[in-house]
Amino acid sequence: MKIKTDILLRVYVAYAVLFLFAFAIVFRICQLQFVQGGKWAKMADSLTTKFMNVEAVRGSIYSDDGSLIATSMPEYEIRMDVNADPITDEIFKDKVDSLSRSLANLFQDKTTDEYIRSLKKARAEGQRYFLVQRKVDFNELKQLKTFPIFNMGRYKGGLIVLQKNKRILPFKLLASRTIGYYVQDVKPVGLEGAYNEYISGKTGKRLMQRIAGGVWMPVNDDVEIAPVDGSDIISTLNVNIQDVAQNALLKQLVAQNAGSGTVILMEVATGEIRAIANLQRVAPGQYEEKYNTAIGSATEPGSTFKLASFLVGLEDKKFDLDDTVDVSKGYRVFRKRVMRDSHTIKDKGLTMQAVFEQSSNVGTSVAIWKGYKDQPEKFVEGLERLGLGKKMGIQIPGEARPHFKHTGDKDWYGTTLPWLSIGYEQTITPMQTLCLYNAVANNGRMVAPKFVKEIKHLGKTIEKFDTKVLVEKIVSDETLDKARTLLEGVVQNGSAKVLSTSVFPIAGKTGTAQIANGKLGYRGNLRYQASFCGYFPANNPKYSMIVVINEPTNKLYYGGAVAAPVFKEVADKVYATQLEIHQGVEKQYALNPKEVPMAKVGYRTETEYIYNKLGISYSDKTKGNWVKISQQDNSVVMNEAEVPENVVPSVVGMSLQDAIYILENAGLRAVARGSGKVVGQSISAGSQLVKGRFIGLELR
């Protein structure tokens with residue numbers, strides 16, 4: 001009896017345990033279903049679908065004349081829902097061969113048989129997001145839509161198109177570092193980086209679903225939240241001038257086997273940068289724009305800094321231009337440290353004007369030493385009054401901080417003052433040096449460099465940028481007059497006589513600086529930096545410019561011999577194309593009253609300017625920008641030269657410069673042969689416009 005009782009007790013305990021276990025399972029199921037169900041459902045959804053960003057089209061960057069210098073071109077990724085419901089087995093079997101043949105002919109990456117095998121395999125595996133091709137352009141996409149199966153329509157043919165945007169620079173290397181780039185989590189560079197907030201636009205949203213293999217495919221054909229395209233930047237750069245500056249610099253770098261070089265051209269009154277080129281040697285005879293040294297590299301400037309020393313000394317009445325200073329034939333000792341001139345000076349004494357014109361280190365340092373040795377802080381204060389020693393706050397990132405020593409610094413030595421006066425024991429960027437010279441040309445008003453004029457969205461201006469004044473008046477008018485006399489004298493009588501042959505007057509200063517060689521300082525293998533900074537025309541300044549060439553190795557290293565020729569080439573070509581800065585045009589030409597000169601098809605305002613200068617009457621039959629000319633007795637008639645949009649324009653009768661301007665703004669790439677005016681074009685006017693296509697021009 002006792003045994004039976006023990007058995008029953010054990011059975012009851014087992015049933016109780018089973019009941020409790022079953023109850024716990026039911027309780028957990030109810031908890032998951034009703035209490036935590038929402039949480040797990042959301043988690044499940046998040047693992048299979050989610051919203052992803054859709055990139056907006058970045059805004060374009062334009063030059064000052066409307067040329068595209070950076071833009072976004074659509075690029076497409078093509079996928080296929082091989083098992084879309086409308087694609088029946090019969091349709092697939094009937095069309096797969098012809099579809100494969102079309103794909104093979106278009107992309108030339110696989111044979112027809114390879115495409116057939118891959119499409120059949122994808123269908124057998126049930127793929128809904130088969131990759132057809134990446135990096136497809138717009139014209140290829142148009143052809144794809146006509147292919148068998150794909151031509152069944154947007155939803156029936158299984159064609160899935162994902163648009164991406166590829167950034168391109170139509171003029172390749174021209175000002176590429178100033179145009180810059182923007183990459184997420186990377187230090188911004190140039191205009192692209194500085195104005196990314198405007199250019200990038202607003203991203204959209206698209207619902208995506210994760211499928212086999214961890215691939216995400218769109219749930220719908222259309223995006224749920226459409227992106228907003230970015231705004232356009234209107235820069236101050238001029239494509240033609242930029243091309244001239246970069247080529248002139250490159251030619252001299254190759255000729256001198258130099259390490260690197262910089263050219264900056266600035267408009268005097270506004271500070272607008274028309275050209276900025278930075279080239280570094282990457283291989284023997286090969287140069288690329290790797291770094292914007294114009295704004296990002298602060299070095300010892302050498303003799304171009306002497307202008308600052310003379311401005312301070314003249315303003316403080318420490319000396320005048322006709323004062324004589326003892327240059328000791330180009331040799332002087334300051335507290336056991338020897339100061340030498342770069343060339344032998346025959347005379348023991350020179351006037352201060354001759355000191356500047358001949359770029360005498362000894363003469364400059366002796367004058368500054370004599371004037372400020374008891375109060376060197378006054379000289380430093382004078383430099384600061386000129387706006388030197390601090391950043392200018394320019395519109396693109398990367399400006400290096402300039403520095404010159406102050407009397408309270410630990411590294412201010414007894415010889416710092418004389419060496420500081422000739423451009424050593426300090427650092428400054430080429431752009432900061434240029435701004436000082438530009439201020440002299442601009443009647444003492446120092447303005448900041450300007451790279452962007454305005455920002456537009458859908459053609460409407462949303463922000464304009466005025467000229468930023470850094471110092472309203474760096475020195476008095478009296479000192480400015482003397483400074484201009486000095487700078488003009490350098491070209492006429494001094495170290496930059498190579499520039500005196502130009503048909504217009506140039507003012508400026510040469511510079512030749514030794515580059516410190518690491519821990520060795522100025523010992524060992526000497527390296528040099530040659531420079532020239534100035535403005536033109538000297539009698540009515542329109543542009544200022546600086547040229548810096550680092551480490552020339554072909555025995556020439558003086559600024560007058562290495563940098564000044566680049567300045568001259570750029571200035572000459574700019575002057576030749578800027579009619580408004582020419583003096584006395586009407587006196588240079590004798591017009592035969594019986595012959596009325598005919599103009600090429602060209603820009604209306606420039607044509608009007610020439611005829612007005614020549615005193616020729618004309619009637620204007622159009623208000624369009626482009627005109628063609630016909631003769632009527634002793635006058636001419638301007639008729640509209642149509643430049644239609646969305647088709648290939650006619651450029652026959654135009655100059656090469658105008659033709660290239662119109663064609664490249666239309667998105668074509670011009671190749672010219674011959675000289676004179678355009679007499680033929682390889683693609684007929686009125687043809688369908690295909691952006692990026694080459695067009696040949698014949699000139700005669």
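Select lysine 329 to begin: this residue is exposed, with a relative accessible area of 54%, and the model in which you are viewing it is a predicted one. Lysine 329 sits in the loop between β12 (324–326) and β13 (331–334), and although it is not a glycine, its phi is positive, near 55°.

Next, select asparagine 443, another residue with a positive phi, here about 60°, that is not a glycine. You will find asparagine 443 in the loop between α16 (430–441) and β18 (446–447), where it counts as partly exposed because its relative accessibility is 48%, and exposed would require over 50%.

Now move to helix α11, residues 306–315, which is mostly covered, since nine of its 10 residues are buried. Among those buried residues are Lys306, Leu307, Phe310 and Leu314. Going on from the helix, select lysine 317, which follows α11 and has a positive phi near 60°.

Select aspartate 316 together with arginine 385, whose side chains meet in a salt bridge with an N to O distance of 3.1 Å. Arginine 385 belongs to helix α14 (residues 376–385) while aspartate 316 is in the loop between α11 and β12, so this pair ties together parts that lie 69 residues apart in sequence. Arginine 385 is partly exposed at 41% relative accessibility, and aspartate 316 is also partly exposed, at 26%.

Aspartate 81 is buried, with a relative accessible area of 12%, whereas arginine 128 is partly exposed, with 37%.

Then select glutamate 288 and lysine 290, which form a salt bridge whose closest N and O atoms are 3.2 Å apart. Glutamate 288 is partly exposed at a relative accessible area of 32%, and lysine 290 is likewise partly exposed, at 47%.

Turning to surface patches, select Glu90, Asp94, Asp97, Asp109, Asp113 and Glu114, which form a negative one. The elements giving two or more residues to this patch are α3 (89–107) and α4 (112–124), and α3 gives the most, with three. Aspartate 109 is found in the loop between these helices, α3 and α4, and counts as partly exposed at 39% relative accessibility.

Valine 186 is in the loop between α6 (176–179) and α7 (190–194), and is partly exposed, with a relative accessible area of 40%.

For a covered position, select glutamine 252 in helix α9 (residues 239–256), which counts as buried at 12% relative accessibility. Leaving aside neighbours within four places in sequence, glutamine 252 is in contact with Ile549, Ala561, Val562, Pro565 and Val566.

As a last stop, select phenylalanine 536 and proline 537, which are joined by a cis peptide bond with omega about -20°. Proline 537 is placed in the loop between β23 (527–536) and β24 (543–550).

Note on methods. Residues are numbered from 1 along each chain as its sequence is written. This is a predicted model: local features need pLDDT of at least 70, side-chain atom pairs count only at pLDDT 80 or more; totals for chains, interfaces and linings use all residues. Side-chain values use heavy atoms; hydrogens and water are left out. Patches are made of residues with over 30% relative accessible area and no salt bridge: like charges are joined within 9 Å, nonpolar side chains (Val, Leu, Ile, Met, Phe, Trp, Tyr) within 5 Å. Accessible areas come from the Shrake-Rupley method with a 1.4 Å probe; for residues, only the protein chains shown count as cover. A salt bridge is a side-chain nitrogen of Lys or Arg within 4 Å of a carboxyl oxygen of Asp or Glu. Lys and Arg count as positive and Asp and Glu as negative; His and the chain ends are not counted. The place of a charge is taken as NZ of Lys, CZ of Arg, CG of Asp or CD of Glu. Helices (H or I, at least four residues) and strands (E, at least two) are DSSP runs, numbered from the N terminus. Buried means under 20% relative accessible area, exposed over 50%, partly exposed in between (1.4 Å probe, protein chains only). Contact means heavy atoms within 4.5 Å.
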